[in-house]
Amino acid sequence: MPQEEEIMAIKVSENGRLFTLQTKDSSYQMFADDKNVLLHLYYGEKIGEENLSGLIFCTDMGFAGNPEEAGPNRKYSLDTLPQEIPGSGVGDFRDDMIEIRHADGSFAADFRFDSYEILDHSYAIPGMPALYDTEEEKGETLVITMTEKASDIVLKLFYGVFENENVITRAARLENHGETAIELEKMLSFSMDLMYENYEMIYFSGRHAMERTAERIPVQHAKVEIGSTRGTSSHHYNPAVILCEEGAGETHGSCIGACLVYSGNFVAAAQKDQKNQTRFQMGIHPTNFCFHLEKGEAFDTPQAILSYSGTGLTKLSQQYHEIIREHICRGAYKHAKRPILINNWEATYFDFNEEKILKIAEQAQKLGIEMLVLDDGWFGKREDDNSGLGDWFVNEKKMNGSMAQLAEKIHKMGMKFGLWFEPEMVNKDSNLYREHPDWILSTPGRHISHGRNQYILDFSRAEVVDAIYGQMEKILEDAPISYIKWDMNRCMSEVYSHTASAADQGKVMHQYILGVYRLYEKLTGRFPEILFESCASGGSRFDPGLLYYAPQAWTSDDTDAVERCKIQYGTSLVYPVSSMGSHVSAVPNHQVLRNTSLKMRADVAYFGTFGYELNPNSLTEAEREAIKKQTAFMKEHRSLIQYGTFYRLQSPFAGNEMAWMVVSEDKKEAIVGWYRFLEPINIGYRSVRLQGLDPKLPYQISNMEMALYGDELMQAGLIVSDVASGQNPEQYNGENGDFQSRLYLLKAKEE
Ligand code: GLA
């Protein structure tokens with residue numbers, strides 16, 4: 001065990017039974033009581049290390065089961081105590097965390113404290129992504145071992161602490177040391193009972209092309225639960241939730257965030273119990289999940305990242321941005337400026353050939369764009385979405401030669417080259433399916449649903465993953481590819497693996513995700529210089545699990561600037577600007593047919609990885625000139641935008657305007673983005689209070705004749721008052737009106 005002084009964040013006292021995890025601004029406390037029940041005592045603002053079990057207020061509650069023999073303590077009930085690991089079937093009637101069916105058919109899980117261990121580094125989870133240590137910051141780990149008296153099942157609880165980001169992680173591993181097999185029917189990543197606070201839950205709901213809208217609901221005695229059983233983390237809910245104190249806002253109120261480092265089915269729930277404690281839980285969704293564990297086998301949950309802020313959502317978001325950028329994202333692009341790319345999807349859809357692509361690249365290069373991404377349709381027999389998936393070899397007729405030749409032509413123009421893949425899918429009209437019809441997930445004797453005419457390859461099988469890897473490796477070895485967009489365009493149904501035994505079918509959805517991670521691991525290991533962008537019909541797998549392999553994700557298939565304000569704003573609650581794929585597309589926008597100015601489209605897309613998704617040859621000369629300025633602007637400011645500290649200032653869900661800003665680490669530079677959807681008239685004074693500036697520094701503001709001090713900009717605000725276009729005809733330049741945006745560049749003046 002490491003020396004006391006080496007371990008700063010994990011404090012253990014009272015004979016090794018009281019555990020307090022300390023981060024910069026938060027504390028988390030647990031205590032193993034005299035019956036070895038692991039109690040949850042506190043998670044919140046930083047406090048000392050006194051035992052808080054005095055906060056527990058036990059009474060003899062009728063109908064709350066009592067584990068003791070008659071007599072001694074009728075107040076002691078698992079049904080009312082605040083717990084870390086609620087068991088099942090043994091007297092706690094709230095939602096459990098682990099459900100086990102034993103060989104004799106009984107259901108029960110009752111884990112009690114056994115021992116602990118402290119590690120001076122972060123823990124890893126076999127086959128799954130997790131926060132990792134860097135030279136700048138190492139995590140610490142507390143491992144608590146719990147055992148069951150009635151069985152030989154061992155539960156290991158992992159608590160990771162990252163002090164600076166106010167992050168505590170949780171994960172668990174269940175080992176079957178018994179002689180007989182068990183069925184693990186549910187196992188979440190964490191559970192905790194919060195004793196006194198009244199919470200609201202913020203969660204992210206959505207749909208295809210409108211992902212991650214933050215919604216908020218009070219946590220009461222009816223359960224608040226969200227999740228996905230679609231096989232992806234999903235458009236519909238994101239595996240991230242926030243429990244905040246009633247009325248908490250961007251800059252005030254306590255908030256506890258939880259997000260799951262996982263890309264498949266998940267559940268997150270909060271519910272008050274009869275004593276008004278809130279049980280908060282998250283993990284893999286128990287639907288379609290059942291892990292058969294033979295003697296000696298184990299199951300590991302994905303990791304949940306918990307973070308606490310005592311001063312509102314902005315701080316919580318910044319902590320998530322930091323931990324994701326520094327301890328989730330990996331690879332050559334972790335800190336690198338993301339290339340400005342042009343993607344041909346909305347420019348051509350499937351209707352392209354080599355000539356069209358080269359023309360796009362040629363024009364894009366003149367506009368300052370750095371990379372051409374060839375989207376869906378370059379491979380196999382893929383002229384529309386009925387065929388071709390699974391055949392990852394170039395359609396030489398369409399592309400007029402090999403991939404290497406095409407890549408070379410694009411490189412010669414001074415552009416990088418990227419490619420689209422959808423590795424997990426197959427069309428029935430493909431060589432791969434004709435050769436291996438049993439490689440798809442499909443339940444025998446049932447109709448097999450398709451989604452977009454495609455079927456899902458059984459990534460729970462190693463040979464399937466290896467075969468797809470082989471095809472991709474060949475393309476990537478033959479041609480210089482700098483970027484891969486890895487897509488996944490349907491949800492899972494009729495899930496059944498043709499090689500798994502009946503007993504193991506309940507593992508398939510999880511093992512599928514492990515297969516996805518394995519392919520990512522193999523590809524990123526073999527081709528470390530390639531930048532990966534994940535995608536799943538836009539943002540159906542925008543989660544920390546995939547950000548471990550692909551540091552950016554296509555945020556949404558909706559590229560309209562107004563819709564994107566909402567989508568990127570919601571996404572920013574948890575995910576950093578550097579992770580959000582965002583492109584300027586043509587007007588009328590293809591999804592909603594809205595016309596917005598080229599300026600607004602760029603002003604929104606700058607707050608992401610930035611690129612274009614249009615045909616540059618269809619633009620006017622004036623538009624091309626404007627785009628040259630946009631790419632130059634982004635090149636100058638992308639480090640600040642993608643890696644600066646991000647603040648939300650005005651919500652697009654609250655009214656007609658939206659504002660956000662980024663501030664450099666030294667606070668000497670900032671960029672404010674301000675957006676208005678419909679133009680009003682005579683609406684009076686308006687200003688936006690800025691954040692994160694140095695109160696004592698004077699800032700010169702672009703587009704304005706004035707300089708103001710940081711404190712003035714943060715307290716009095718940045719004036720955004722204006723008159724309607726019709727009231728100012730002399731200055732009307734065609735850019736006013738609806739769908740307006742402004743960028744304000746702030747630079748600290750030398751005093
Ligand atoms: C998905 C993606 C799009 C595009 C198409 C191609 O919908 O989200 O960006 O790549 O697939 O088929």
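1. The model is predicted: local features need pLDDT of at least 70, side-chain atom pairs count only at pLDDT 80 or more, and totals for chains, interfaces and linings use all residues. Residues are numbered from 1 along each chain as its sequence is written, and side-chain values use heavy atoms, with hydrogens and water left out.

2. The distance is 2.5 Å to a polar side-chain atom of Asp557, 2.7 Å to a side-chain N or O atom of Lys485 and 3.1 Å to one of Trp420. The protein buries 95% of the 310 Å² that the ligand exposes when taken alone (areas by the Shrake-Rupley method with a 1.4 Å probe).

3. There are 4 cavities of 30 Å³ or more. A cavity is a set of points, on a 1 Å grid over the protein atoms alone, where a 1.4 Å probe fits but cannot get out; lining residues have an atom within 4 Å of a point. Each volume is the space filled by probe spheres set on the points, which are joined across faces, edges and corners.

4. The largest cavity has a volume of about 80 Å³. Its lining comprises 13 residues, with Gln83, Ile85, Gly87, Asp110 and Phe111 nearest the centre. By class, 8 are nonpolar, 2 polar and 3 charged.

5. The second largest cavity holds about 50 Å³ of space. Among its lining residues are Tyr262, His285, Phe289 and His510. This lining has 4 nonpolar, 5 polar and no charged residues.

6. The whole structure contains 0 disulfides (pairs of cysteine sulfur atoms within 2.5 Å). Cys290 is buried at 17% relative accessible area, and Cys565 is buried at 0%; buried means under 20%.

Terms used
Polar contact = N/O pair within 3.5 Å; in protein donor to acceptor, adjacent residues only side chain to side chain. 1 Å grid on protein atoms, 1.4 Å probe; cavity = no way out; pocket = protein on both sides within 12 Å on 5 of 7 lines; lining within 4 Å. Nonpolar A, V, L, I, M, F, W, Y, C, P; charged D, E, K, R; others polar. Buried < 20%, exposed > 50% of the residue type's maximum accessible area, 1.4 Å probe, protein only.
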